[in-house]
Amino acid sequence: MSSHDTSYTVSDYLVQRLGEIGIEHAFGVPGDYTLDFLDRLVHSPIAWVGNCNELNAGYAADGYARLKGAGLAVITYAVGGFSILNAVAGAYAEHVPLVVVSGAPAMARRQTQALVHHLAGDHDMQLEIFRKLTVDCALLAGPRTAPDEIDRVLTNCLSWKRPVYLELPMDVAQMPCRRPEPLSFQLDKVSDPLALDECLVEVARRLDEARNPAVLVGTEVSRFGIGPAALHLIEHLELPYAMTVSAKGCLPEFHPQCLGVYQGALSQPETRAQIEESDCLIELGVWLTDWDTGLYTSPQAQRVFVRANLDQVRIGYHLYPGVQLEDFVRGLADQAKPRHFRDSHPMRPSAPDHSHLPQPSQPLSAARFYRRVETFLDDSMILVSDIGDVVCAVADMHIQEANNFLTQAYYMSIGYATPAALGVSLARPDKRPVVLAGDGAFQMTAQEVSTLLRQGCRPILFLVNNDGYLIERYLHEDQVYNDLQPWKYAELPHVFGDGALTFRVTTEGELEHALAAALAAPDSLVFIEACVGRDASEALKRIGATYQKNYRK
């Protein structure tokens with residue numbers, strides 16, 4: 001077929017490129033400005049997944065992207081574009097490769113600045129706002145330039161692992177354009193060879209001289225797919241390792257060299273001692289956020305030996321710019337000498353205890369509930385945590401297999417988990433999502449349970465009913481603004497449709513019954529409302545005390 005075939009349109013080009021970067025599902029909400037593009041999309045191999053609103057579509061695409069490598073949300077102009085902004089901001093903050101395609105008024109209307117429906121200001125407003133929250137964006141103004149714009153924007157999305165935005169006017173969507181040429185979708189990011197060599201020699205020397213070196217793995221390792229290389233380095237050099245909260249789950253937590261999660265003063269004592277007393281701590285892709293540093297109780301901000309990030313390595317006061325993180329990890333495995341594990345591992349946290357003896361008549365407490373969830377998880381499940389007491393509790397849990405956990409540990413937007421579980425379900429149908437969401441978070445995005453049902457997804461959703469915004473109650477003086485209308489949560493899935501198993505549990509015996517039923521129905525959505533009152537996890541109690549003492553100064 002000729003490259004000038006008039007039946008091949010800008011929409012076809014975009015759909016083909018989206019498929020080439022691994023996207024198999026499109027999340028979103030239709031609108032008249034997007035319909036021509038959607039007509040092409042639904043006749044492609046990419047499956048359309050309609051959401052209840054654009055914010056939920058963004059969260060779902062975010063969860064999908066974390067496991068699939070890229071996610072897609074399609075929305076209409078302004079009313080849809082501004083609705084999805086919070087999800088895009090979260091993806092930008094956390095380095096998630098999310099593609100947002102927005103329909104837009106026809107170019108003829110744009111050129112005359114016509115007062116079309118959904119317009120909030122001038123026609124460029126939405127594009128300019130998304131420019132602030134994406135690594136790249138483009139207005140696809142015509143068929144001659146659109147292919148190159150699409151290629152550049154998608155390449156930047158995958159290379160920098162951040163959201164991008166494409167604005168597609170409704171008339172341009174139908175215009176014929178050239179067919180795609182082969183494209184790698186990767187920028188050529190190469191380390192400065194002299195800087196890399198000198199850096200590796202210095203780090204290897206420090207490792208050889210150290211008595212108790214250790215590795216701290218951060219979020220960039222997870223986001224940029226460096227986990228396998230990092231694990232090879234750790235195993236080859238026989239070094240103990242811990243993960244920050246935002247990197248939790250990117251490496252296996254039952255590994256004999258794993259110290260668990262390091263979070264400053266909020267860490268388990270053995271983990272904290274091993275990391276903070278290390279005389280050669282190698283930080284891989286670590287961000288010094290308030291959450292990862294235990295509300296800035298980590299001394300590492302002042303006392304760092306080796307900090308390797310995406311494009312530079314700092315060793316004390318020595319800075320090596322132009323050194324790529326993956327090159328550093330792979331090079332160090334070749335440069336440094338292995339050591340005997342026990343020589344650099346004087347202590348070890350207690351092995352996870354997976355015994356749990358339920359007390360059937362005992363009212364459900366937060367600590368015992370989270371403990372039971374940890375023992376319930378297995379390698380066939382992916383734990384998806386919302387924000388609140390649940391994200392505090394999961395830091396103390398152990399995730400056996402790598403990439404079986406996700407949350408928004410930096411941007412921390414409540415309501416993330418339920419729609420993200422939709423993306424997880426479709427990205428990894430071989431795994432079963434297990435969702436932890438408090439009642440406050442769930443009320444934000446509860447509608448997406450209906451999409452989970454419509455798509456035949458089979459998550460286990462734990463609604464932790466702790467009577468309002470519990471984390472705020474522990475961080476600050478309790479006030480009326482922390483109260484919520486109490487919903488009949490366990491009845492809600494039946495309002496959305498048929499097919500869900502629902503339970504409201506108040507005792508440990510009732511929880512055991514619900515868990516057994518969930519395992520006996522592997523192809524069903526299971527909704528378990530766990531009523532713990534205003535009881536908090538042990539982790540939140542520690543965080544509340546630390547916050548009151550240090551963070552509010």
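A73 has V100 as its bridge partner in strand 4. That pair belongs to the parallel pairing of strand 3 (71-75) with strand 4 (98-104), which runs over five bridges. Keep in mind that this is a predicted model.

- Strand 3 is mostly covered, with five of its five residues buried.
- Look at either face of strand 3 and you'll find it covered: G71, A73 and I75 are buried on one side, and L72 and V74 are buried on the other.
- Strand 1 (residues 25-28) also joins strand 3, running parallel to it through two bridges.
- What stands opposite G28 in strand 3? That would be V74.

**Helix 1**

- Helix 1 (residues 10-20) is mostly covered too, since eight of its 11 residues count as buried, that is, under 20% relative accessible area.
- Those buried residues are V10, S11, D12, Y13, L14, V15, R17 and L18.
- The buried residues of helix 1 pack against helix 2 (35-41), strand 3, strand 4, helix 7 (146-160) and strand 6 (164-169).
- After helix 1 comes G22, with a positive phi near 100°.

**A closer look at N53**

- You'll find N53 in the loop between strand 2 (47-50) and helix 3 (54-68).
- Is N53 buried or exposed? N53 has a relative accessible area of 18%, so it is buried, because the cut-off for that is under 20%.
- The side chain of N53 reaches the backbone nitrogen of L55 at 3.2 Å.
- If you skip the neighbours within four places in sequence, N53 is in contact with V29, Q447 and E448.

**The second largest pocket**

- This pocket has a volume of about 580 Å³.
- Its lining takes in 33 residues, and R66, L67, S222, R223 and N403 lie nearest the centre.
- Helix 3, helix 9 (219-223), helix 10 (227-237) and strand 15 (405-406) each supply at least two residues of the lining.
- Which element gives the largest share of that lining? Helix 3 does, with four residues.

- Seven strands make an open sheet with mixed pairing, in the order 9-8-7-10-11-12-13.
- Strand 9 (258-261) and strand 13 (318-321) stand at the edges with a single partner strand each, so one side of each has no neighbour in the sheet.
- From one strand to the next, the twist averages 15°.
- Strand 12 (residues 312-315) and strand 13 run antiparallel and are joined by four bridges.
- Within that antiparallel pair, R314 has L319 of strand 13 as its bridge partner.

**Helices against the sheet**

- Helix 8 (residues 193-209) lies across strand 10 (281-284), strand 11 (306-309), strand 12 and strand 13, and runs at about 140° to strand 13.
- Helix 11 (residues 269-276) has T271, A273, Q274, I275 and E276 as its buried residues.
- What covers the buried residues of helix 11? The cover includes strand 7 (214-217), strand 8 (241-243), strand 9 and strand 10.

Definitions and conventions:
Residues numbered from 1 in each chain as written. Predicted model: local features only at pLDDT ≥ 70, side-chain atom pairs only at ≥ 80, totals over all residues. Heavy atoms only, no water. Pairing = 2+ DSSP bridges. Axes fitted to C-alpha atoms, helices over the stretch in contact; angles between N-to-C directions. Contact = heavy atoms within 4.5 Å. Buried < 20%, exposed > 50% of the residue type's maximum accessible area, 1.4 Å probe, protein only. Polar contact = N/O pair within 3.5 Å; in protein donor to acceptor, adjacent residues only side chain to side chain. 1 Å grid on protein atoms, 1.4 Å probe; cavity = no way out; pocket = protein on both sides within 12 Å on 5 of 7 lines; lining within 4 Å. Points joined across faces, edges and corners; volume = space filled by probe spheres on them.
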